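Hello,

Here is the structure I promised to pass on to you. Have a look at it first, and then read on for what turned up in it.

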Amino acid sequence: MTLFHLFSKKIIVFLVFSCFVATSVKAQEDNMKQKSAFWQKVRFGGGIGLSTGNKTFSATLAPSAIYQFDNAFALGIGISGSYFSRKDAFKSTIIGGSLIGLYNPLNEIQLSAELEQNNVSRNFDSALLKDDNYWSPALFVGAGYRTQNVTIGVKYDLLYKEDKSVYASSWAPFVRVYF
């Protein structure tokens with residue numbers, strides 16, 4: 001074998017290897033672009049609440065995330081946890097999750113549908129009242145005014161039951177923020 005043949009084989013092996021590496025790098029870049037394109041459409045938000053009063057304490061944490069399909073449609077999930085206590089009366093813990101769909105027929109108008117499922121645990125300080133643990137579903141339909149990342153509106157619970165709902169009324173105002 002001549003030096004030319006040996007040298008040309010090394011060049012061919014080097015070129016094939018270089019093409020393989022370049023193709024692999026390009027595929028990884030495309031994969032990263034696809035992943036980043038997905039995460040560019042994910043928006044995070046949620047709610048936080050804290051309240052104290054005459055012998056009462058309440059705290060809520062409810063993070064959520066949505067995937068913005070386009071300017072009009074978004075779909076997301078959320079989790080929530082709440083704690084409420086009234087001294088010498090009872091303590092309540094609520095843990096739940098939700099699915100939310102958002103539709104913006106106009107940039108300033110947002111319509112929503114939200115299915116929520118909460119587990120309610122109530123522990124009474126009185127022996128006369130029985131402790132309680134149950135599931136409380138809610139199906140909200142709502143409408144709001146949207147400006148940039150903030151929507152202010154009202155929603156209505158189609159499954160509202162006064163004796164089992166975690167809400168005081170079937171109507172609930174809301175402020176929704178997603179970044």
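**Aromatic rings**

Let's start with Trp 39, which is exposed, with a relative accessible area of 53%. Please keep in mind that this is a predicted model. Phe 38, at 40% relative accessibility, counts as partly exposed. The rings of Phe 38 and Trp 39 have their centres 5.1 Å apart, and their planes meet at 85°, so this pair is edge-to-face; the cut-off for that label is over 60 degrees.

A second pair is made by Tyr 67 and Phe 69: here the ring centres are 4.9 Å apart and the planes are at 75°, so this pair is edge-to-face. Tyr 67 is partly exposed, with a relative accessible area of 21%, and Phe 69 is partly exposed at 46%. Ring pairs link Phe 38, Trp 39, Tyr 67 and Phe 69 into a cluster. For the structure as a whole, the count comes to 9 aromatic pairs.

Lys 164 lies over the face of Tyr 134, at 4.4 Å from the ring centre. In the other case, the charged end of Arg 176 sits over the ring of Phe 174, 4.1 Å from its centre.

**The largest pocket**

How much space lies in the largest pocket? The volume is about 1,200 Å³. The pocket is lined by 46 residues, and the closest to its centre are Thr 60, Ala 62, Glu 116, Lys 155 and Tyr 167.

**The cavity**

A search of the whole structure finds 1 cavity of 30 Å³ or more. The largest cavity has a volume of about 70 Å³. Among the residues that line the largest cavity are Arg 43, Ile 66, Gln 68, Leu 102, Asn 104 and Tyr 178. Arg 176, whose charged end sits over the ring of Phe 174, is also one of the lining residues of the largest cavity. Strands E2 and E4 each supply at least two residues of that lining, which has 4 nonpolar, 5 polar and 3 charged residues.

**Two residues to look at**

Is Gly 78 buried or exposed? Gly 78 counts as buried, because its relative accessibility is 10% and the cut-off for buried is under 20%. This glycine is found in strand E3. Leaving out residues up to four places away in sequence, Gly 78 touches Pro 63, Ser 64, Gly 96, Gly 97 and Ser 98. The C-alpha atoms of Gly 78 and Ile 100 are separated by 7.9 Å, with the two residues 22 apart along the chain.

Leu 139 lies in strand E6, residues 132-147, and is partly exposed, with a relative accessible area of 30%. Apart from its neighbours within four places in sequence, Leu 139 is in contact with Glu 114, Leu 115, Tyr 156, Asp 157, Leu 158 and Leu 159. Between the C-alpha atoms of Leu 139 and Lys 155 there are 9.6 Å, and the two residues are 16 apart along the chain. Lys 155 is also one of the residues closest to the centre of the largest pocket.

Technical notes:
Residues numbered from 1 in each chain as written. Predicted model: local features only at pLDDT ≥ 70, side-chain atom pairs only at ≥ 80, totals over all residues. Heavy atoms only, no water. 1 Å grid on protein atoms, 1.4 Å probe; cavity = no way out; pocket = protein on both sides within 12 Å on 5 of 7 lines; lining within 4 Å. Points joined across faces, edges and corners; volume = space filled by probe spheres on them. Phe/Tyr/Trp six-rings, centres within 6.5 Å; stacked < 30°, edge-to-face > 60°. Buried < 20%, exposed > 50% of the residue type's maximum accessible area, 1.4 Å probe, protein only. Lys NZ or Arg CZ within 6 Å of the ring centre and 35° of its normal. Helix = DSSP H or I, 4+ residues; strand = E, 2+ residues; numbered from the N terminus. Contact = heavy atoms within 4.5 Å. Nonpolar A, V, L, I, M, F, W, Y, C, P; charged D, E, K, R; others polar.
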